[in-house]
Each structure stands twice: as C-alpha cells, then as structure tokens.
Amino acid sequence: MKHPDSSEDTSGSYERTLEFALRSLTLKRQTEAEMRKKLQQRCDEEVMERVLSRLQELEYLDDQAFAKAWVQHRSRTSPQGAFTLRRELLRKGITSADIE
C-alpha cells in the first residue's frame, strides 16, 4: 500500500479533484468560496489550493465575472435593489472589492 503523502497519490488526488471541480462547474457557475467549501470535503489543503489556482488560470473560477453575470441575470429575472444584490453576493463569498 502506498503512503498517503507520496507524490503519486497527491497527483492522483489532484487529477480526481480537478475533474470533480470541472464537472461541478458545468452544472452551475460558482464563486471561489462555494468551490472551496465543496473541495474542503474532498481533499487536503494543498490539493485544494492547486485546483483552485488551476481553475482561476483557466478562467473557470472568477469572482468578478461571477458577480457581474449574477447581477445581470438577477436584474432580468428578479429585479432587486443594489443593497439586496450586494448582500446576496457577500453571502456567496464575493468580496466587497469584487462586487464594486
């Protein structure tokens, strides 16, 4: 049996976790905080950070783009005031800087 800290196990864990994250993103666009919460249940911190970094490099995980698209969608489907939209984005883990 291989030691759980071996580089081969970490690499396999990274690949499986990346595949999981990509499948998850095909179902629903997510914030970094939402994805981080999902990944924390599946892998260790190092693998999670590598996967999040890769998703950001690929521009599959972009909180500013998420916030912009989300506000546009909400404005069309269920218009709300700026205060309500901001509060909802903060609950989703979007930072104040990314909301602006």
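Author: Let's start with Glu 59, which is exposed at a relative accessible area of 63% (exposed means over 50%, buried under 20%, and partly exposed in between, using a 1.4 Å probe and protein chains only). Before going on, a word on the ground rules: this is a predicted model, where local features need pLDDT of at least 70, side-chain atom pairs count only at pLDDT 80 or more, and totals for chains, interfaces and linings use all residues. Residues are numbered from 1 along each chain as its sequence is written, and side-chain values use heavy atoms, with hydrogens and water left out.

Back to our spot. Glu 59 isn't a glycine, yet its phi is positive, at about 65°. You'll find Glu 59 in the loop between α3 (45-57) and α4 (63-77). Helices here are DSSP runs of H or I with at least four residues, strands are runs of E with at least two, and both are numbered from the N terminus.

Now zoom out. The protein has six helices and zero strands, so the radius of gyration is worth a look: at 16 Å it is well over the 13 Å that the globule rule gives for 100 residues, so the protein is more spread out than a compact globule. That radius is taken over C-alpha atoms, and the rule is 2.2 Å times the number of residues to the power 0.38. Along the principal axes, the C-alpha atoms fill a box of roughly 55 × 20 × 20 Å. Of the 100 residues, 31% count as buried.

What about the inside? The largest nonpolar core has 14 residues, and Ala 21, Met 35, Leu 39, Val 51, Leu 52, Leu 55 and Leu 61 have the most contacts inside it. Two or more residues of this core come from each of α1, α2 (32-40) and α3. Apart from it sits another core, of seven residues, including Trp 70 and Ile 94. By a nonpolar core I mean a set of buried Ala, Val, Leu, Ile, Met, Phe, Trp, Tyr and Cys residues joined through side-chain atoms within 4.5 Å. As a general matter, nonpolar side chains tend to be buried together in soluble globular proteins.

Leaving aside neighbours within four places in sequence, Met 35 is in contact (heavy atoms within 4.5 Å) with Ala 21, Ser 24, Leu 25, Gln 30, Leu 52, Leu 55 and Leu 61.

Arg 16 and Arg 91 are 75 residues apart in sequence, and their C-alpha atoms are 28 Å apart in space. Over in helix α4 there's Gln 72, partly exposed at 42% relative accessibility.
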